[in-house]
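Subject: Structure for you to look at, with notes

Dear colleague,

Please find below the structure that I promised to pass on to you, together with its sequence. My notes come after it.

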Amino acid sequence: KLDYLAYLETFDRLFDIPKDKKTHEYKRYIIFLLDYLYDYCQRVKPLLNAEKEMKETHEEFEKNWSQGSFPGWPKDTGSALAQSGAHLDLSGFSSAEELASLGLDRLKQALQALNLKCGGTLEERAQRLFYTKGKSADEFETSLFAKSKGSKGKGNVAKQKEIASLESQVYRLVELVGEQRAATRDNVVRKQARTTDELEDDEGHEDFNESDSEDEETVLYNPKNLPLGWDGKPIPYWLYKLHGLNISYSCEICGNMKYRGPKAFQRHFAEWRHAHNMRCLGIPNTAHFANVTQITDALALWEKLKDVKAKERWLPDVEEEFEDSSGNVVNKKTFEDLSRQGLL
């Protein structure tokens, strides 16, 4: 097994892996590696247009694949006659009938050298072999390949091209994160070069940080249910009593809500809950109702205030003044009575 540093150095040398080792499991590994590199590249370079990079990489891959110059995937440029085995030179044959004169065994050997089906009659074998004249293995029909050798057919070529396309994307992403890769490698080497004392100091520092975090996460001892201060801990008991927080005030108008301390109790009269409930009772939330918490007291006080306001209201019949011809000042009612009697 490789250690982390060795893997970091060689994980992108995919072209050194033989083609026969690049199986379905290898494809799954490449997809996993590609997903990780793509996500990491987006995190370290958020302004990079990754989709554009992948599109350009695919175009370059198609060009290299067609030319047979993609690393690790050399193209089989030889014709069907260049295959190893007991191949047959077809340049001297102009028809399938001429090939049939060679016999079943010779045609079978030539077909096996091309990984093609070698069964059938003499005429079928001759026609099958003559079909390959002047063609490469990539141009053969898939149905002509033997089942045991089908991995070299067109279907396998498509799978190989798909894997090679994934490898090209891995190569490009590795180039984009080359700086981060070098920094990671240097960091690993630096850690491996540390002495035992330095490693113990680092472990002690980590343990100290963990103990601090554990202390912060522990449940606070607060049996008297004291309020928490700015530091997240219960305030002192003397301060708790100084602010009167040990006294609770209840307000029936607010639905029997309880308020701890006189400051919170006085403040709640101007808050939305008390004002809303006063409007529901049909009473204005004015200064007259300060410190009134009972509904009956509030209604009684409101009736009394309405009576006082009614008495203080200006009455024209009583308070409006008129002056007669003699200069006497009388109210409106008296003036109208004297006018009707003709005494003015």
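The notes below go through a helix, a core, the aromatic rings and the cysteines.

This is a predicted model, in which local features need pLDDT of at least 70 and side-chain atom pairs count only at pLDDT 80 or more, while totals for chains, interfaces and linings use all residues. Residues are numbered from 1 along each chain as its sequence is written, and side-chain values use heavy atoms, with hydrogens and water left out.

I begin with helix H2, residues 24-44 (helices are DSSP runs of H or I with at least four residues, strands are runs of E with at least two, and both are numbered from the N terminus). The buried residues of H2 are Tyr26, Lys27, Ile30, Leu33, Leu34, Leu37 and Cys41 (buried means under 20% relative accessible area, exposed over 50% and partly exposed in between, with a 1.4 Å probe and protein chains only). They cover an arc of only 125 degrees around the axis, which puts them on the same side of H2 (the arc is that of the directions from the helix axis to the C-beta atoms). His24, Glu25, Arg28, Phe32 and Arg43, on the other side of H2, are exposed.

The largest nonpolar core has 22 residues, of which Leu37, Val170 and Leu173 touch the most other members (such a core is a set of buried Ala, Val, Leu, Ile, Met, Phe, Trp, Tyr and Cys residues joined through side-chain atoms within 4.5 Å). Two or more residues of this core come from each of H2, helix H3 (50-67) and helix H7 (154-176), and H7 gives the largest share, eight residues.

Turning to the rings, there are twelve aromatic pairs in the structure (rings of Phe, Tyr and Trp, the last by its six-membered ring, pair if their centres lie within 6.5 Å, and planes under 30 degrees apart count as stacked, over 60 as edge-to-face and the rest as tilted). Phenylalanine 322 and phenylalanine 335 form a stacked pair, 4.9 Å centre to centre with 15 degrees between the planes. Since phenylalanine 322 lies in strand E3 (residues 321-323) and phenylalanine 335 in helix H15 (residues 332-341), the pair ties together parts that are 13 residues apart in sequence.

Finally, the structure holds zero disulfides (pairs of cysteine sulfur atoms within 2.5 Å). For cysteine 254, the nearest cysteine sulfur is that of cysteine 251, 3.6 Å away.

With best wishes

Definitions and conventions. The expected span of a helix is 1.5 Å times one less than its number of residues.
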